[in-house]
Amino acid sequence: MYSLIVNTGQGALAILLIMSLIAANKSSKLIFSKNEQELNRKTRKLIFWSWSLLLLALLSSAADVALAAAYHPAFWLDRLLLRTPLLLLTAISIPLSALPRIRKLAQRTQAGSDQELDVARRRHATETGLVMPFKLTALAATGAFYFFLAPPLPFVWFKVLMPITILVFLGGLLWMHQSNRNQVAAASPEATVYRPWRRRFRISGSAIAAAVVISLPVLIAADKSRLPDRLSMMTGTPDWGLSGTASKQHSHSALGGLLHASHLPGTEAGQEASGSPSISVADLAGPREGEADRVFDLVAKQAEVKLSSGKTVQAWTYNGVIPGPELRMKLGELIEVRLVNEDIADGVTIHWHGLDVPNAEDGVAGATQDAVMPGESHTYRFRAEQVGTFWYHSHQHSKEAARKGLFGMLIVDPPSTEDEPGEDITVATHVWEGGGLSIGDNDTLQRKIVAPGTPVKIRLLNTDNWTRKAHHVTGTPFRVTAIDGVELNKPGELRGTALYLTTGARYDLAFVMPDNPVYVSVNGSKKLGVLLAPDGGKDYEVPDIDGSGGLFDPSHYGEPADTPFGPDSVFDREFTMLLDNGLAFYNGVPGLYDTINGNVFPRTPMFVVKEGEVVKTTIINRSAVDHPMHLHGHHMLVLSRNGEVTTGSPWWSDTLDVLPGEVYEVAFLANNPGLWMDHCHNLVHAAAGMTMHLMYDGVSSPFEIGREVLNHPE
């Protein structure tokens with residue numbers, strides 16, 4: 001519904017902009033009518049344009065009102081306070097001022113007369129009250145469209161003063177120009193002579209002058225957005241959010257939280273900083289001493305790999321296979337991973353997605369380490385302190401690295417083998433360049449024999465950029481036992497339920513193998529999935545996909561359990577994260593970028609916390625696409641979704657898919673000091689600046705990004 005309302009409002013605005021420009025031109029050219037007959041025809045046509053503009057303005061404004069009636073203020077505050085008044089005030093002036101004059105002019109001209117326009121007709125055709133409503137509507141629609149392209153987020157009046165001032169100034173110039181035209185029309189019949197070359201010259205000259213005036217701030221903005229050769233990942237505006245008493249006071253005020261979404265340096269919140277950082281992320285490492293319980297060697301190298309269909313793909317690999325080797329370990333074990341870069345010219349790292357390791361082991365180039373270049377190596381050491389399904393991937397040029405194959409599964413088992421399933425199957429989907437969609441390196445149907453009565457665990461992972469994958473289990477009821485590596489409490493039985501997985505997210509499923517086939521499908525395909533057969537004596541066909549169970553909703557699934565904090569807690573610190581699209585510059589290139597709090601990196605805020613604080617973040621997606629937000633080093637407890645408190649099992653997530661129009665409240669305990677990335681895991685968005693950082697007070701990073709240091713985390 002959100003997308004429908006927004007698209008309706010924006011579509012109406014776009015049509016209004018085009019039609020208002022045409023109508024403004026038509027009203028301006030009334031004076032150039034050759035005779036009364038032509039003037040009469042033009043005025044009658046202008047009546048149609050008048051009502052059309054009013055209806056479009058009302059439709060666009062109605063969309064804003066509909067948003068205000070059903071959604072969080074972040075979705076409509078700027079629209080209702082800026083766009084709606086701009087459009088309504090100008091569009092209503094058409095029936096109030098222009099239409100009566102148009103009708104009167106139509107009545108005073110004869111449809112069949114070839115008489116030239118006299119002084120009265122010339123004055124009437126150029127009357128300010130007739131022409132200006134159309135010009136002002138075009139100007140207002142242009143301003144409203146600008147605010148659509150560059151929404152002033154978080155909304156503060158200071159951000160809109162300059163654009164509003166420019167609109168008022170231009171409106172005044174247009175008014176004076178039209179008044180002058182009216183006087184000239186009364187003085188001489190020469191005003192009715194249409195000289196298109198002169199008119200086009202004036203319009204072109206005005207456009208060139210405007211372009212020159214606008215180009216200076218545009219060039220300055222483009223230059224300021226260029227990423228330097230060396231840039232600290234600590235660059236950004238520290239945002240201390242709302243803390244303590246302020247947090248409690250604003251916890252029930254959506255409008256207050258929106259207006260205080262970002263504190264700039266020098267504000268009361270920003271002054272809470274303790275001073276110079278004293279701990280380097282390099283010192284926040286895993287155990288350096290002691291013999292590791294498990295040692296893994298991963299060699300990053302290019303390789304030609306064959307899929308199950310026989311297709312070959314040119315890939316970047318760990319150890320020459322795609323996906324990389326499955327890393328399996330037990331809870332509490334000390335793990336050592338030795339990474340060697342054989343020939344990946346762009347460099348590599350290893351990020352342990354969802355496994356909350358010490359900051360120095362997080363594997364983000366330029367934030368927690370330098371990229372490992374060809375011929376170099378790096379060793380990671382950490383304890384596996386969470387049971388569950390995770391994955392690893394390079395966080396150097398991560399969009400390109402993950403797409404080409406630098407990823408693999410990481411599974412932490414419980415200490416006891418009694419809790420392990422009889423059959424453990426991984427379904428990690430990926431689209432290979434030149435190979436298409438596959439499960440790992442299998443791009444064909446997989447068949448597997450599983451004895452009836454065997455406990456089965458299915459581990460789902462979506463590795464692809466900017467895509468949601470649908471999974472169905474057909475042939476048996478099942479349970480979702482874990483989300484993003486965290487077990488759910490008493491999950492209920494599901495049948496035919498669609499499981500949509502965003503990039504980077506994981507679901508664990510469990511069922512007991514029945515005496516009939518079970519099919520785990522990907523995107524509803526009968527040609528790509530895993531078919532489990534109870535015996536090998538029958539050539540079972542793939543059953544029809546069972547989608548009778550609707551969509552899986554984690555917010556009301558399972559049974560409640562105790563958590564260290566919840567929706568009614570008083571939080572030490574609160575932040576607001578606004579996800580949107582906006583006209584911006586990134587590294588000198590203008591575009592309609594995906595933004596966080598109205599900016600792209602490195603101007604996105606740094607959320608600053610202190611160790612031990614309980615932190616709440618309100619995530620609001622007012623953009624047109626979904627954004628799976630991934631916070632490194634922490635799991636977030638989902639408190640509410642769209643204002644509705646979660647009532648099922650505690651839902652912990654490290655990659656939360658926020659759809660357009662959705663509002664999530666999440667919370668986490670700041671118990672893992674460091675400098676942590678927080679970014680959209682649609683990596684094409686992250687690579688274009690949709691990334692920010694969670695910063696612990698008193699922590700610094702010696703690492704940098706940029707061409708000189710070769711670190712490029714996204």
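Tyrosine 507 and phenylalanine 552 are both buried in this predicted model, and their rings form an aromatic pair. The geometry is edge-to-face, with 5.5 Å from centre to centre and 85° between the planes. Tyrosine 507 sits in strand S21 (residues 506-512), while phenylalanine 552 comes from the loop between strand S23 (529-533) and strand S24 (573-586), so the contact ties together parts of the chain that are 45 residues apart in sequence. Phenylalanine 552 has another ring partner, tyrosine 557: here the centres are 5.0 Å apart and the planes stand at 80°, which makes this pair edge-to-face as well. Phenylalanine 552 and tyrosine 557 are both buried.

Elsewhere, ring pairs gather Tyr318, Trp352, Tyr380, Phe382 and Tyr392 into a cluster.

Turning to charged side chains, a search of the whole structure turns up 34 salt bridges. One of them joins arginine 381 to glutamate 336, with the closest N and O atoms 2.4 Å apart. This pair goes from strand to strand: arginine 381 is in strand S10 and glutamate 336 in strand S8 (residues 334-341), a separation of 45 residues. Both ends are out of the way of solvent by the accessibility criterion. Arginine 381 has a relative accessibility of 7% and so counts as buried, and glutamate 336, at 13%, is buried too. There is also a network built from salt bridges that share partners, and its members are Glu326, Arg328, Asp413, Asp424, Lys457, Arg459 and Asp508.

Glutamate 361 and arginine 288 make a salt bridge between two loops, the closest N and O atoms being 2.8 Å apart. Glutamate 361 belongs to the loop between strand S9 (351-353) and strand S10 (377-383), and arginine 288 to the loop between strand S4 (279-280) and strand S5 (294-306), so parts that are 73 residues apart in sequence are tied together.

The sequence separation here is 478 residues, since arginine 230 lies in the loop between helix H7 (196-225) and strand S1 (231-232), and glutamate 708 in the segment after strand S37 (704-705). Arginine 230 is partly exposed, its relative accessible area being 42%.

Then there are the helices. Helix H2 (residues 36-70) packs against helix H3 (residues 77-108) at an angle of about 160°, and the two axes are 9 Å apart. Because angles over 145 degrees count as roughly antiparallel, H2 and H3 are roughly antiparallel to each other. The crossing of H2 past H3 is left-handed. Sorted by class, the residues in the contact of H2 with H3 come to 22 nonpolar, 6 polar and 7 charged.

Technical notes:
Residues are numbered from 1 along each chain as its sequence is written. This is a predicted model: local features need pLDDT of at least 70, side-chain atom pairs count only at pLDDT 80 or more; totals for chains, interfaces and linings use all residues. Side-chain values use heavy atoms; hydrogens and water are left out. Axes are lines fitted to C-alpha atoms, for helices over the stretch in contact, and angles run from 0 to 180 degrees between N-to-C directions. Helices (H or I, at least four residues) and strands (E, at least two) are DSSP runs, numbered from the N terminus. Angles under 35 degrees count as roughly parallel, over 145 as roughly antiparallel, 65 to 115 as roughly perpendicular and the rest as oblique. A crossing is left-handed if the near helix is turned anticlockwise from the far one by less than a right angle, and right-handed if clockwise. Ala, Val, Leu, Ile, Met, Phe, Trp, Tyr, Cys and Pro count as nonpolar, Asp, Glu, Lys and Arg as charged, and the others, Gly among them, as polar. A salt bridge is a side-chain nitrogen of Lys or Arg within 4 Å of a carboxyl oxygen of Asp or Glu. Buried means under 20% relative accessible area, exposed over 50%, partly exposed in between (1.4 Å probe, protein chains only). Rings of Phe, Tyr and Trp (its six-membered ring) pair if their centres lie within 6.5 Å; planes under 30 degrees apart count as stacked, over 60 as edge-to-face and the rest as tilted.
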